[in-house]
Amino acid sequence: MKAEDFLKGRGAQYNPANKYLKQEYVTEHIEGLDEPMVSDSKTEFLPTHPKTIVNKIDSPDLGMGYSLNPYQGCEHGCVYCYARNSHQYWGYGAGLDFERKIVVKENAPELLIKQLESKNWQVMPIMLAGNTDCYQPIEAKKKITRRILEILLQYRHPVSIITKNALILRDLDILTELNKLDLVHVNISITTLDEKLRQKLEPRTAIGAKRLDVVRQLSAAGLPVNVMVAPVIPGLNDSEIPQIIKQAAEAGAKNAAYTIVRLNGEIGPIFEDWITQAFPDRAQKVLKQIADCHGGQLNDSRFGTRMSGEGKFADTISKLFRMSKQKYMAGRTIKPYNYSHFCNSKGKQLGLF
């Protein structure tokens with residue numbers, strides 16, 4: 001692909017075949033077409049009405065809790081996103097389809113109410129979203145995430161939010177009320193402050209400076225904010241760790257965490273294709289260093305090591321992160337949740353267990 005053919009505004013540069021489908025579109029005999037196949041297209045929004053919406057988190061790397069995803073697929077287009085693989089379960093590709101075919105779970109708020117009213121409900125934080133960003137651009141129109149937050153406030157239920165979109169500021173009124181009861185933690189993902197890198201790596205997200213402003217406004221309102229330096233990609237953004245933590249601390253963040261990129265399933269070929277086109281001069285170096293963090297492979301599914309990595313490069317990243325956090329965030333903590341407020345429609349108070 002020529003430089004001028006690079007799909008601006010998209011992370012993935014092609015759409016790999018879905019391994020769960022028996023048939024696929026191919027371009028083996030492109031000379032027989034009357035007109036070229038369109039490699040990119042406008043984003044589609046596909047309404048759906050699932051039967052369940054809350055998932056129990058069973059990963060030992062993430063701890064106890066639930067996840068809730070109002071949307072499947074993500075407009076942000078982050079090329080490294082681990083959620084790309086899950087798009088195949090819906091019958092779509094993990095590449096361009098993930099960014100341009102967005103499944104909208106219209107009945108998510110109603111399903112949440114049903115879940116919270118269950119007599120067997122066990123109160124633990126619900127993570128919004130865990131898979132795809134609950135504040136991706138379509139949320140400005142659909143407002144499903146806002147309706148979910150209104151329900152969580154009504155039921156006095158703890159929630160954790162992770163996003164890289166400034167749209168979260170729209171819901172500061174609800175978040176403030178949740179925070180008065182110690183029911184909310186906010187995680188802002190800041191991958192890079194290099195705008196040229198962001199435009200290719202995660203093309204439809206808020207710029208780094210804007211995310212720092214989100215941290216600043218949320219912190220000024222008293223909300224506990226954790227900054228996720230994630231993912232750290234050796235050879236691309238690892239050198240930015242000290243500066244990101246420094247500026248996040250200056251903006252008021254109470255904590256910071258990181259993960260090392262892992263390229264499981266279809267994400268590996270998508271990322272390899274992308275970096276070869278976006279950064280051809282350092283593509284092989286970056287891929288080698290990622291593999292060195294995961295036992296010689298780009299993918300890593302091992303609990304305990306998959307998110308932090310192992311080996312020389314992973315150790316260097318870990319030390320740099322710890323030193324930066326100690327320098328700029330020493331003594332800061334995220335206040336715990338208060339589980340005692342939960343109340344369903346019958347007025348029954350539920351504890352953690």
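**Cis bonds, positive phi and packing in the predicted model**

Pro 231 sits in strand 9 (residues 225-232); helices (H or I, at least four residues) and strands (E, at least two) are DSSP runs, numbered from the N terminus. The model is a predicted one, with local features needing pLDDT of at least 70 and side-chain atom pairs counting only at pLDDT 80 or more, while totals for chains, interfaces and linings use all residues. Residues are numbered from 1 along each chain as its sequence is written, and side-chain values use heavy atoms, with hydrogens and water left out.

Another cis bond links Leu 128 to Ala 129, and here omega is about 10 degrees. Ala 129 belongs to the loop between strand 6 (126-128) and helix 3 (139-142). As a reminder, most residues other than glycine have a negative phi, and most peptide bonds are trans.

Phi values bring helix 4 into the picture. Lys 143, in the loop between helix 3 and helix 4 (144-155), has a positive phi of about 60 degrees despite not being a glycine. Lys 143 is partly exposed, at a relative accessible area of 42% (buried is under 20% relative accessible area, exposed over 50%, partly exposed in between, with a 1.4 Å probe and protein chains only). Just after helix 4 comes Arg 156, again with a positive phi, of about 55 degrees. Arg 156 lies in the loop between helix 4 and strand 7 (159-163), and its relative accessibility of 33% makes it partly exposed.

Helix 4 itself has 12 residues and spans 17 Å from its first C-alpha to its last, close to the expected 16 Å; the expected span is 1.5 Å times one less than the number of residues. Nine of the 12 residues are buried, so helix 4 is largely enclosed by the rest of the structure. Among the buried ones are Ile 144, Arg 146, Leu 149 and Tyr 155.

Strand 5 (residues 101-105) is also largely enclosed, because five of its five residues are buried. Lys 101, Val 103 and Lys 105 point one way, Ile 102 and Val 104 the other way, and all are buried. Strand 5 pairs with strand 1 (residues 44-48) in the parallel sense, over five bridges, where pairing takes at least two DSSP bridges between two strands. In this pairing, Thr 48 has Lys 105 of strand 5 as its bridge partner. Strand 4 (residues 71-72) runs antiparallel to strand 5 and is joined to it by two bridges, with Tyr 71 standing opposite Val 104.

Turning to helix packing, the axes of helix 9 (residues 267-278) and helix 10 (residues 283-292) come within 9 Å and cross at roughly 145 degrees. Axes are lines fitted to C-alpha atoms, for helices over the stretch in contact, and angles run from 0 to 180 degrees between N-to-C directions. Helix 9 supplies Phe 271, Glu 272, Ile 275 and Thr 276 to the contact (heavy atoms within 4.5 Å), and helix 10 supplies Ala 283, Val 286, Leu 287 and Ile 290.

Finally, Asn 179 lies in helix 5 (residues 172-180) and is buried, with a relative accessible area of 9%. Leaving aside residues up to four places away in sequence, Asn 179 touches Val 184, Ala 221, Gly 222, Leu 223, Pro 224 and Lys 335.
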